[in-house]
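Visitor: Please take me through one part of this model in close detail. I would like to see its surface and its side chains.

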Amino acid sequence: MVPILLVLLLALLLFGVGFAVKILWWIALAVLVIWLLGFLVRSTTVGGGRGRWYRW
């Protein structure tokens, strides 16, 4: 009985880790798209040059 519970617990743990990693990949992809959009649509400065797209 104990080995079956350990195997089920291990499967549940690995499923949770796999799900979390998959969510992190989607978050990383969304951040990359936002970064690329911010890089491409940055506004121009008064002198006609490109401004900084980041705030710092």
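Guide: The protein's accessible surface comes to about 5,500 Å², by the Shrake-Rupley method with a 1.4 Å probe, where for residues only the protein chains shown count as cover. Carbon and sulfur atoms hold 80% of that surface. This is a predicted model, in which local features need pLDDT of at least 70, side-chain atom pairs count only at pLDDT 80 or more, and totals for chains, interfaces and linings use all residues. Residues are numbered from 1 along each chain as its sequence is written, and side-chain values use heavy atoms, with hydrogens and water left out.

The protein has one helix and zero strands; these are DSSP runs numbered from the N terminus, H or I of at least four residues for helices and E of at least two for strands. Of its 56 residues, 2% count as buried. Buried means under 20% relative accessible area, exposed over 50%, partly exposed in between (1.4 Å probe, protein chains only).

Now the helix itself. Helix 1 covers residues 2-40 and includes Leu 37. Leu 37 has a relative accessible area of 49%, so it is partly exposed. Leu 37 belongs to a nonpolar surface patch with Trp 26, Leu 29, Leu 32, Val 33, Trp 35 and Leu 36. Together they have about 680 Å² of accessible area. Like charges are joined within 9 Å, nonpolar side chains (Val, Leu, Ile, Met, Phe, Trp, Tyr) within 5 Å.

Next, the rings. There is one aromatic pair. Phe 15 and Phe 19 are stacked, 6.4 Å centre to centre with 20° between the planes. Rings of Phe, Tyr and Trp (its six-membered ring) pair if their centres lie within 6.5 Å; planes under 30 degrees apart count as stacked, over 60 as edge-to-face and the rest as tilted. Both Phe 15 and Phe 19 lie in helix 1, four residues apart, about one turn of the helix. Phe 15 counts as exposed because its relative accessibility is 59%.

Methods. Patch = residues over 30% accessible without salt bridge, like charges linked within 9 Å, V, L, I, M, F, W, Y side chains within 5 Å. Salt bridge = Lys/Arg side-chain N within 4 Å of Asp/Glu carboxyl O.
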